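This briefing is for a reader new to the structure shown below.

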Amino acid sequence: MKEPNLTDYARLYQHFDWQNERTQLAGLPDGKGLNIAHEAVDRHASGNLKNTVALRFIRKNGSTDDYTYGDLKTRTSKFANLLQSLGLEEGDRVFSLLGRVPDLYIAALGSLKFKAVFCPLFSVFGPEPIFQRLSKGDAKVLVTNTAFYEKKIKGLLDRLPALNYILLTDSPQHLDEKVLSLTKLMGEASGEFSIPPTDPEDPALLHFTSGTTGMPKGALHVHQAVLTHYSTGKYVLDFHEGDIFWCTADPGWVTGTSYGIIAPLVNGVTSIVDEEEFDGLRWYSILEKQKVNVWYTAPTAIRRLMRMEIVPKEKYDLSKLRLVLSVGEPLHAGAVIWGQKAFGVPVLDNWWQTETGGIMIANYSSMEVKPGSMGKPLPGIIAAIADVEGQEIKIYDQPGMQGHLVLKKGFPSLFRGYLHEEERYKKCFKGDWYITGDLAKKDADGYFWFIGRADDIIKTSGHMVGPFEVESTLMKHPAVAEAAVIGKPEPSIGELVKAFVVLKEGFEPTDGMQLELIGFARKTMGPAVAPKEITFIDSLPKTKSGKILRRLLKARELGLPEGDLSTLEKS
Ligand code: AMP
């Protein structure tokens with residue numbers, strides 16, 4: 001077993017210094033600044049990782065396509081050169097609408113080299129959400145394929161006058177002066193590109209994240225976010241030389257960019273990209289066949305794997321798997337424990353969000369795992385629980401108090417703005433603190449426990465109830481596959497706790513089952529917090545990144561407007 005990079009959390013936390021972390025990266029030659037693509041690709045390609053596989057794509061048919069750090073350097077330089085030949089300027093925005101195929105990764109890193117701002121979109125978006133994002137993001141270039149172009153983009157062009165070029169990955173010829181063949185342009189471009197001086201504060205990435213009801217917000221990140229990617233790769237994902245890493249997220253969600261592209265490359269490991277969507281058996285065989293050492297996935301996938309009721313460790317050789325990590329939603333304690341049985345290692349939960357650009361709170365392999373907790377802040381990150389309602393923020397120093405989860409400003413990957421929405425951005429800060437919009441508590445040992453999105457909290461009979469604690473309880477019942485909990489207005493008690501439950505196969509949605517689940521929850525949680533109503537449904541509405549959309553269940557229950565549904569996964 002390899003010794004973890006982080007062995008003594010308390011010590012590292014005390015002595016950690018971002019400046020020191022900066023010295024572990026190369027920086028552009030001749031002191032010309034810090035550029036993500038240089039740290040992720042060029043410096044390795046000029047050193048002894050030149051022939052190491054940087055990205056291994058697993059195509060839908062199971063065949064693989066490898067790109068070494070050397071290959072990536074040449075291809076991303078070509079992409080940067082072609083942006084130059086198209087007359088782009090630094091800071092211009094390049095979007096992609098692609099599945100998890102090599103061109104997406106090359107476009108991302110090539111754009112960063114050129115110092116364009118890169119924005120990956122989920123390929124499953126329909127025309128309207130694509131339009132909203134391209135127009136709000138002032139897209140100059142879109143990289144996509146012919147099918148998506150024909151089906152989703154062509155009809156939008158009249159409304160997108162600022163979109164200068166569409167680059168088609170699979171067209172051998174240019175279609176007209178605006179719709180060009182990427183293959184042809186790449187063929188003509190030089191494979192040598194010298195990255196221009198890059199200020200660490202230069203913009204690099206744009207990630208759209210859905211507001212609760214409003215339009216999606218575009219969170220802007222800068223090049224020095226790479227310090228967080230590097231350091232979380234080292235201490236949370238625990239990258240070691242020669243590691244094979246697999247992040248299952250799509251780059252259309254921030255996790256698929258920060259950890260599906262940047263962090264593994266900056267740390268010089270080999271990263272697996274599966275072009276196919278979720279498929280439990282396929283996933284287990286990838287873990288086995290690719291000898292994956294570190295695996296980063298999400299609670300929604302883990303819940304689906306748990307439902308398959310196979311113990312992968314018994315059927316597959318997972319002896320190389322050292323770490324399994326999860327992000328995106330609360331991970332209930334049962335999943336952490338299941339991981340131990342299924343993989344031989346617990347599933348380590350960690351917390352962050354689009355705005356923070358990288359992991360902020362985590363369970364570390366060398367630290368005691370408290371199932372159900374998000375863990376402790378990354379060295380270099382100051383997290384606290386606070387009351388944010390007054391003029392000044394009030395930090396709670398007593399353990400166990402519930403409040404807003406806040407982060408001290410000043411870490412490298414914190415977003416630098418919501419594009420074109422200065423007011424919305426300013427509202428996220430009070431004094432020195434960034435207000436995350438999540439509620440949590442911190443225990444006496446310094447572990448953080450998620451309570452819920454501030455918007456999702458239920459106020460019932462004078463109690464503040466986080467949906468997650470009720471959902472976790474319901475999930476302990478053998479019949480429950482998934483649960484989502486909302487507050488439903490009820491004059492006498494404020495809100496009543498209502499649960500939507502997906503049953504496991506073999507269980508019937510009867511009145512008796514309803515009573516049994518309510519009784520089970522009352523016994524475990526007490527009558528004040530247990531759900532008073534339960535509705536059975538076939539599946540829960542989720543975002544494309546796999547998060548349960550509680551606000552949508554609530555809107556439907558109350559007959560209210562459903563708000564922005566662009567990230568809703570069609571089931
Ligand atoms: P996004 O910006 O789309 O990645 O969403 C970020 C939000 O997802 C956070 O603010 C949390 O509400 C939720 N989230 C992410 N990771 C976790 C976690 N480990 N536990 C609980 N909630 C999480």
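In this predicted model, 18 residues of domain 1 are in contact with 16 residues of domain 2, contact meaning heavy atoms within 4.5 Å. The assignment places domain 1 at 9-442 and domain 2 at 457-558; such bounds come from an automatic or database domain assignment. Because the model is predicted, local features need pLDDT of at least 70 and side-chain atom pairs count only at pLDDT 80 or more, while totals for chains, interfaces and linings use all residues. Residues are numbered from 1 along each chain as its sequence is written, and side-chain values use heavy atoms, with hydrogens and water left out.

**Between the two domains**

- The C-alpha centres of domain 1 and domain 2 lie 32 Å apart.
- About 1600 Å² is buried between domain 1 and domain 2, and carbon and sulfur atoms give 62% of that area. Buried area is the accessible area (1.4 Å probe) that two parts lose on being put together, summed over both.
- On the side of domain 1, Arg303, Arg307 and His332 lose the most area to domain 2, together 30% of what that side buries.
- Two salt bridges are counted between domain 1 and domain 2, a salt bridge being a side-chain nitrogen of Lys or Arg within 4 Å of a carboxyl oxygen of Asp or Glu.
- Arg307 and Glu482 form a salt bridge through their side chains, at 3.4 Å from N to O.
- Four residue pairs, both residues at pLDDT 80 or more, are in polar contact across the interface of domain 1 and domain 2. A polar contact is a pair of N or O atoms within 3.5 Å; within protein, one must be able to donate a hydrogen and the other to accept it, and residues adjacent in sequence count only if both atoms are side-chain atoms.
- Helix α12 (residues 299-307) gives the most to the side of domain 1 that touches domain 2, with three residues. Helices (H or I, at least four residues) and strands (E, at least two) are DSSP runs, numbered from the N terminus.
- That side of domain 1 consists of seven nonpolar, seven polar and four charged residues. Ala, Val, Leu, Ile, Met, Phe, Trp, Tyr, Cys and Pro count as nonpolar, Asp, Glu, Lys and Arg as charged, and the others, Gly among them, as polar.

**Helix α3**

- Nine of the 10 residues of helix α3 (residues 36-45) are buried, so α3 is largely enclosed by the rest of the structure. Buried means under 20% relative accessible area, exposed over 50%, and partly exposed in between (1.4 Å probe, protein chains only).
- The buried residues of α3 include His38, Glu39, Asp42 and His44.
- These buried residues pack against α4 (69-85), α5, β8 (203-209), β9 (217-222), α9 and α10.
- Asn35 caps the N-terminal end of α3, with a side-chain oxygen 2.8 Å from the backbone nitrogen of Ala37.

**Salt bridges**

- The structure holds 37 salt bridges.
- Lys2 and Asp243 form one of them, with the closest N and O atoms 3.6 Å apart. Lys2 sits in the segment before α1 (9-15) and Asp243 in the loop between α9 and β10, 241 residues apart.
- Lys2 is partly exposed at 40% relative accessible area, whereas Asp243 is buried at 1%.
- Asp66 pairs with Arg56 in a salt bridge whose closest N and O atoms are 2.7 Å apart. Asp66 lies in strand β2 (residues 64-68) and Arg56 in strand β1 (residues 53-58), so the pair ties together parts 10 residues apart in sequence.
- Arg322 and Asp238 form a salt bridge with the closest N and O atoms 3.7 Å apart, and both residues are buried.
- Salt bridges that share partners join Arg303, Arg307, Glu329, Glu482 and Lys542 into one network.

**Positive phi angles**

- Most residues other than glycine have a negative phi.
- Lys115, not a glycine, has a positive phi of about 75 degrees. Lys115 is in the loop between α5 (102-114) and β4 (117-121) and is buried at 7% relative accessibility.
- Asp238 has a positive phi of about 55 degrees and is not a glycine either. Asp238 is in the loop between α9 (226-235) and β10 (244-247).
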